[in-house]
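Look over the sequence and the model first, then read on.

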Amino acid sequence: MKEQLINFEKTFLVALELVKTSKELDDFEHRFLSRKGELAELMGQIKNLEGETRKEFGAAVNKLKSELTLKFKEAQSKLSPVKNENLISDLTLPGKKVDVGHLHPLTLVRREIEDLFTSLGFMILDGPELESDYYNFEALNVSKHHPARDMQDTFYVDKKNEDGDYDLLMRTQTSNAQVRALKKYGAPLKAIIPGRTFRNEATDARHEHTFYQLEGLMVGENINFAHLKSFCEIVGKKLYGPNTKLRMRPKFYPFVEPGSNGEYTCFLCAGKGCRVCKGSGWLEILGCGLIHPDVLRAGGVDPEKYSGFAFGFGLSRLVMLKYGIDDARLLMSGDKRFLEQF
Ligand code: DAH
């Protein structure tokens, strides 16, 4: 019997030595260690014996079983570490992909325009989102009861000033930073001011209470409408390609004189007329004009010596056009299903 055990051990170890692949390991396990395997068969012999022999043989078989099982486990861990319970992780598995975020489409377009203007020597400035009535309206020639206020109703902070008026409001336009910039830097000045703006809108696909604009101004000696026009052309070509044409038509803004809008040939149909430009071939993208002498004066700049132009882009609108977004509310929704598309 002893001999039987010694032979079994030999056969087991020699066979184990020959195992090189996990397939062979599986076959080995099946042959020796499965429920009907050779070791189980050996164990099964215990019940046929009696008395002292049974006791001795039983003890020897059990001892051999634990030794051989250990040997098997060692071989197993060398071949396929996953099966080893002591190992916490399988270093051979492919790594887990970590989601990498990306910039918001508003940021992408803003940076593109910032790059253009900084290359033309403009500074990038900031203006406050919570603004005084003065900088948002009064200093820009929009007095208390000016009808232009109707189009720019906003959110007021419930705190009155000494005159009994609500003085603090969420800025309706990045133009609020014009007089601030003039006061701080004086003339000559070349600056753009991108930022968030607010209006009390009944929101729908084309209107949102929170949106983005990008303001620009250039002040110096002898700055005239031709400068404004050429800057607007450069922006259009950068945004929509070298064949983009510009059209300017008179438009009233209280803080410029003369005032104008700026339209570019539609980037989708190149001016033929399509769904995006509503058949007109043109897209209205900006408001602009020569800075009103009152505004220069409010900024401490002498309108007899200096002149300048200003323009304001609807940044949110640019983004919507660029990416074909049909609902303004998506930009501020924080909805990942939307954001993951950029
Ligand atoms: N602030 C204007 C608006 O929100 C846009 C604008 C028009 C800005 C003319 C300008 C400008 O600087 O000169 O509708």
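## The second largest pocket

Two helices, α1 (2-18) and α4 (51-79), each supply at least two residues of the lining of the second largest pocket. Helices here are DSSP runs of H or I with at least four residues, strands are E runs of at least two, and both are numbered from the N terminus. α4 gives the most to this lining, with 7 residues. The lining includes M1, L5, F57 and K63. By class, it has 6 nonpolar, 1 polar and 5 charged residues. Ala, Val, Leu, Ile, Met, Phe, Trp, Tyr, Cys and Pro count as nonpolar, Asp, Glu, Lys and Arg as charged, and the others, Gly among them, as polar.

The volume of this pocket is about 280 Å³. A pocket is an open set of points on a 1 Å grid over the protein atoms alone, where a 1.4 Å probe fits, with protein on both sides within 12 Å along at least five of seven lines; lining residues have an atom within 4 Å of a point. Points are joined across faces, edges and corners, and the volume is the space filled by probe spheres set on them.

## Basis of the model

This is a predicted model: local features need pLDDT of at least 70, side-chain atom pairs count only at pLDDT 80 or more, and totals for chains, interfaces and linings use all residues. Residues are numbered from 1 along each chain as its sequence is written, and side-chain values use heavy atoms, with hydrogens and water left out.

## The ligand site

Around the ligand are 16 residues, of which Q173, S175, R199, Q213 and E215 come nearest. Near means that a heavy atom of the residue lies within 4 Å. The shell divides into 6 nonpolar, 8 polar and 2 charged residues.

Which polar side-chain atom lies 2.6 Å from a ligand oxygen? It belongs to E215. An N or O atom in the R199 side chain is 2.9 Å from a ligand oxygen. A polar backbone atom of A310 is 3.2 Å from a ligand oxygen. Polar contacts are pairs of N or O atoms within 3.5 Å. The protein covers 91% of the 350 Å² of accessible area that the ligand has on its own (Shrake-Rupley method, 1.4 Å probe).

## Backbone exceptions

Most residues other than glycine have a negative phi, and most peptide bonds are trans. A cis bond joins A187 and P188, with omega about 0 degrees. P188 sits in the loop between α7 (177-185) and β4 (189-198). Another cis bond joins E257 and P258, and P258 lies in strand β7 (residues 256-265). A270 is not a glycine, yet its phi is positive, about 55 degrees.

How values were computed:
A polar contact is a pair of N or O atoms within 3.5 Å; within protein, one must be able to donate a hydrogen and the other to accept it, and residues adjacent in sequence count only if both atoms are side-chain atoms.
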